[in-house]
Amino acid sequence: MRQKIKAFLLSAYGPMAAVVAMYSVKGPVKIWVGHAAGLTAIVADGYHNESDFTQGLLAMWLIRLIAAAATREFPLGKKNLASLFKVFVGVCLGYLAITAGFQSLQTLWDVCINHGSFPLRFSQEYAPIALIVAMVSVALSIPVSEYQIRTGERLNNGILIADGKETRSDAILEVVIVAGILGQMIGGWAWIEYPLTLVVCVFMIQTARELIADGLDALLQRSIGEEHENAIQEIVKDMYGVQGVDQIITFKIGPMVILIMKVLSRHGAEVTDIMKKAMAMPLARYLGKQGFEDGKFFIRFAQPDPDARRRAVAIERTNGISRVARRVGEATHIAICDIEHDRVVRDPVEDVHRLNPAQIAEFLAQKNVREIVLSESPMDSMRKKFREFGIEIVCGPSTDLSVYEL
Amino acid sequence: MSASDFSVVYKPMLYGPVGERLAFVSEQIVSKVSSRFSAVSFAGSCEQLPCPGNALLVLDRPCQRRDVHVLLPMESNKLKVEHGRCVLIPFGSGDSSLHAAQVGVRLAADFRLRVIFYHTTWRKPGLESEDGWSHLSDGARSNASKFKELAMGRGLTHGVFIEIAAPTVKHGIIGAALQKQATMIVVARGSEIRKGSYVDQLAVMSPVPLFIVADSKKKES
């Protein structure tokens, strides 16, 4: 039994149960005491707590939905519900901040400019009870929000974190209410809670903005950031057998990072399967270090561009012995090498002993040859003549044909 | 003088990027294992190349010679020797892996890398344990202890990675080399294998550079 309770408290449901229980009491008590003491802010906060209660129940239901395993219909699960919930909480929080701020401004305007009175008549009799309620409320909200956020971070649960942030905003609002009550009780400053509420509204809008932005980033499948994508590419490129990364797409579904990547490698499927498994570990480790605790990788491999081109090797064949010719004019044959992936894959040899250098250049240009190898540097005039045909003459390191893979 | 102390490092003279890659890897080896010489280029086939004892050939394709050490960079531009990498030495229950371990440990010392000894074992019938050590044969267990002593003798950081029932031995070795970020895999040929040695399989398939240790008997002859 004890272990079951411990497991429940450590699960996502523990903090949410605490939140629901807390708001189920807080809301009605605040509304009653707020009316009795004549404190507008505490009445408004009571109604807000009532909506938090409903929100807590909604969060528990969503946590249950998200925890369900991926199915054929939902291959990536329903993790984006967390993002949806974040946007929802953000909008609620923003709405609350704007309405509370607007009401405060309106009251201050009425009192200061139109010489009106504060909405409720302050009651010294109920004020101490209201103060105690507000203080107990703060004392509950702070640990509960910490409990939510820490459990959310441990379980990588966006819903808990979002709701925890909202509970923390409530705590700050309650601190302001305590200050307002104290101000009224001690100095009779009925106005004090209104400017303080405006300050709190700024913080609340900031939290709302963060929640909405974070939720929308996931819902609109925004990239996790160029710096992370570059780091991922470096990790992948650092692996033997990888020639490059042709495409990388990252986004989040709820708290889960989705990585879609096309990796270039000359290896076949048997090896790239092993590579895929091996690269998942350092990628998961990197994402974990960056605060992304969940990830799903879709990595496919493709062959790199073969960079197909043609190179000619001028050959001088005498008495059955072949070697690389020193000059174009001495070439009896020319090997036209098809090169793919930096290797010679085909090398037909053409007899050119009847052709002069200009005819050889023209012949090679027709064959789309880009360079011709000789064993000695040619004269500038010859180099120029070949360049007219788009062919570069290069001086090879040896007269041995094997050096050129022939 | 370095621990590995190859008498000479040969590289084929090849025109183009392949030759440049081999030259770079050869110079990496030379700079780590000896400052006395440069890598020597040769043209033509490596099969007939006269080599002194303990020579190392850095080649772009596997060769049939067993009397010299062979390093196949496997189309890599360089040996990745950054901090955290290791030399992976697969082992079995035979003596060939002991020979590979001796050379591999010396190479790791030269490159200041960790050593990981890798073994994949069949699951012992009826034994549920997920601890690889409990499925190890006596021969492999004895080799593992010898290797640990060898690495400790050189003051190297080392580890033994035992995988239970890898899909195949070559898959296991390549997977381990990639996972452990091995700079190279060091292997030796078994003397009595007629067909399909793991060395030949790896030489065709591995994306990780492969160092094939010379057969000591052939070297002597």
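1. In this predicted model, A:Glu371 stands opposite A:Glu392, a residue of strand E10 of chain A. The pairing to which these residues belong joins E9(A) to E10(A), residues 392-395, in the parallel sense and over four bridges.

2. On the subject of E9(A), this strand is also joined to E4(A), again in a parallel arrangement, by three bridges. Within that pairing, A:Val313 has A:Val373 of E9(A) as its bridge partner. E9(A) is therefore a strand with two pairings described here, one with E4(A) over three bridges and one with E10(A) over four bridges.

3. Strand E4 of chain A, residues 309-318, runs antiparallel to strand E5 of chain A, residues 321-324, and four bridges join them. One of the facing pairs in this arrangement is A:Ile315 with A:Val324, the latter lying in E5(A). The two strands form a hairpin with two residues between them, and in the turn A:Asn319 has a positive phi of about 50°.

4. A positive phi is also found just after helix H2 of chain A, where A:Gly38 takes a value of about 75°. The helix itself, residues 13-37, has 25 residues, and the distance from its first C-alpha to its last is 35 Å, close to the 36 Å expected at 1.5 Å a residue.

5. Turning to the interface, 26 residues of chain A are in contact with 32 residues of chain B. The two chains bury about 2400 Å² between them, with 58% of that area on carbon and sulfur atoms. On the side of chain A, the residues that lose the most area to chain B are A:Tyr240, A:Ile274 and A:Arg343, which together account for 33% of what that side buries.

6. As for specific interactions, five salt bridges are counted between chain A and chain B, and the side chains of B:Lys170 and A:Glu270 meet in a salt bridge with an N to O distance of 3.7 Å. Between these chains there are also nine residue pairs in polar contact, counted with both residues at pLDDT 80 or more.

7. The elements that give two or more residues to the side of chain A touching chain B are helix H9, residues 269-289, and strand E9, residues 371-374, both of chain A. The largest share of that side, six residues, comes from H9(A). By class, the side of chain A that touches chain B has twelve nonpolar, four polar and ten charged residues.

Key:
Residues numbered from 1 in each chain as written. Chains lettered and ligands numbered in written order. Predicted model: local features only at pLDDT ≥ 70, side-chain atom pairs only at ≥ 80, totals over all residues. Heavy atoms only, no water. Contact = heavy atoms within 4.5 Å. Buried area = accessible area lost by both parts, 1.4 Å probe. Salt bridge = Lys/Arg side-chain N within 4 Å of Asp/Glu carboxyl O. Polar contact = N/O pair within 3.5 Å; in protein donor to acceptor, adjacent residues only side chain to side chain. Nonpolar A, V, L, I, M, F, W, Y, C, P; charged D, E, K, R; others polar. Expected span 1.5 Å × (residues − 1).
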